[in-house]
Amino acid sequence: VIIIIIIASIIRIITTLSRSLLFISTVSIHIDINIAINIDVVVVVVVIVILVVIVATACRAERMAGVKRKFDEMASVRGGIDGEGESVGGEDGDGGGTLDSLDDIHLDADEIDRLLEDAPEVEELTPQALKRLVLGLEKKISRNQEMRIKHSDEPQKFVESEMDLDEAVKQMQVLATAPELYEDFVKLNAVPSILGLLQHENTDIALDAVDLIRELTEPDNFTEHPEAHYLIKALLDNNGLELLFATFARLDETTDEDRKGVFNILEIIENLSEIAPSLCTTIFEKTGFLDWALKRIVAPGGFDANKAYCCEVLSILLQHSESNRAQFGNANGIDTLLVALSPYKRRDPPSGDEEEMVENIFSCLCSALMHAPNRALFRHSQGIELMLICIRAKKMTRQSALKLLDYALNDSRNCYHFVEALGLKTLFAAFMKKGVKKGRKGFDEDEDDEHIVSSIASLFKYIKFEEKEEEEEEAAEKSASARLVNKFREEGYQKVERLVELHIKYLRRLRAFDARIAHEKDSRKSAGEVLDEVDEEYYMRLRLDEGRLFTLQLVDFVIGFLNTTNDQQMVSYMKQQLALQGSSFEDVAGVLREYAASIGESPFSSTTTATTIATATTTATTTTATSTTTTTTSATPIATAAGTMISSSHTASADTDQA
């Protein structure tokens, strides 16, 4: 402004002098005074034009300087133009805390309300606005490609178009607020363009595309808008899974941006598995995610957020697909995850996030052991021995190890191996709650009881009643079964007392829960509702879970097997202990009858198993710790065991024995 004032003053002086000179000469040369005015105007216009040119040139120079600075920053991150290649990670070498940076932000309710009030209003996205966004994005992509080809050796000349493309991709995130327009987005053929950016030479652009896909695949967008599934189909039809996985190989997790990009890709995989569980198998089949995940979990460098998230996503993919569980075993996944668990066998994870990662590793192994061949791999990888160490150490992994052991013992050879590995001492010490810290964070006594009793029930099933052909194997079976039964004879039948204690505990809880259910049913019937099979299945699920019927069935299952040992002293002692608690063998037999009646009809049983049980005349069945699968083996029928208990406690009629 000062410069303009000075120039204007100078112009005014010049024009004044010009007018004076022209006025003096009018007598001799007769020049009209209008000429002086015209000269004044012309001079002012010329000066203004010169000033405009100077200002425009300065603005452009400043903009180019800013672009160059931005390019230099990008190049320094990638180790590019300036050759420095310094990491933008934290000083401790772990790459900083981009993913955890929000933890340092603390806002109270008033500040949040103020920010919401000050936030600019976002206009609702319309089909026309979406079309403009897509066309603008396409133009930016074409312009960037053109500039990259034209100036391939001069990055400074195409970096401006790259920044425009970066901004255009980020603007597309507004589409996530309008999932009803996903179908229009697909029809505009924008999906191939977005996926194409995953292969862009500039990794920052590729990460922008990853972030956009993450926003668009948020599961909440698909719950109320079925048309949004067009987007998932378009992603699959255009090899979206393969392109996403290929991006993994380009990312260097030592930098914040790339580390966040890996996290976003994992989140996309989780989103897809939640939107369409059938895609869990597709992800394993069409990508190399399994191999990448196994290497990432055991990669050196300690704990980090991406390793923890990788374990969580792998757990989800294994839960939803039998094919994935088989592929996991073939890829040496059992041994790999046991190696990942090994550091925690005698120490607790130092943080809550790391503790969650360990739980997810256990969850992966539990899901994997639902596939029968994987249980043999678990035995060969010394998984049983590792679980026994974890249980004896009484650290955080104890309860998870008991759960995993429950899954592993759903196999005949694993049960014999367990006894040979001196596992009975460890298991029954846990059964008696020796040295257990019940106040430990996350400890669930009911869940603890369930897994321990389920493991004991599996040992009775597979050891005592497994048929063998070789004489040596028969001798080994007798030895294993004798050692198992002797555990209940030790120390004056203390373990029998504990078994009866659990029976009373869960029988009383079930009766109280059944009373609540009966009251609720009466209330619904009084209101005019008609209860159907769906309602009955719902209440049965509640009884198995909240009422702890499943745990009671397992406890009474073990009591039933002990009654077949012909140890009259043990049977009499059990009868006496039950009577002292106001119970009897008839209560046990009633639970077993209900258990036997539900076999093959339960919604928790697989179709194959239900068919096997329905066609078998002498089978015994037990359900896994999660009440999701059922396996069978040749044994005395449960109903017959119930009749045996009643006849052993008192003289019963022929009808009762037959029942």
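Guide: The structure holds 13 aromatic pairs. This is a predicted model, in which local features need pLDDT of at least 70 and side-chain atom pairs count only at pLDDT 80 or more, while totals for chains, interfaces and linings use all residues. Residues are numbered from 1 along each chain as its sequence is written, and side-chain values use heavy atoms, with hydrogens and water left out.

Visitor: Why is the pair of Phe 460 and Phe 488 called tilted?

Guide: Rings of Phe, Tyr and Trp (its six-membered ring) pair if their centres lie within 6.5 Å; planes under 30 degrees apart are stacked, over 60 edge-to-face, and the rest tilted. Phe 460 and Phe 488 lie 5.9 Å centre to centre with 40 degrees between the planes, so the pair counts as tilted.

Visitor: What makes the pair of Phe 460 and Phe 561 stacked?

Guide: The angle between the planes is 5 degrees, at 5.8 Å centre to centre. Phe 460 lies in helix H25 (residues 445-464) and Phe 561 in helix H28 (residues 549-562), so the pair ties together parts 101 residues apart in sequence. Helices are DSSP runs (H or I, at least four residues).

Visitor: Why does Phe 561 count as buried?

Guide: Buried means under 20% relative accessible area (1.4 Å probe, protein chains only). Phe 561 has 6% relative accessibility, so Phe 561 counts as buried. Phe 460, at 0%, counts as buried too.

Visitor: Which residues form one aromatic cluster?

Guide: Phe 460, Phe 488 and Phe 561 are among them, with Phe 428, Phe 431, Phe 557 and Tyr 595.

Notes. Helices (H or I, at least four residues) and strands (E, at least two) are DSSP runs, numbered from the N terminus. Buried means under 20% relative accessible area, exposed over 50%, partly exposed in between (1.4 Å probe, protein chains only).
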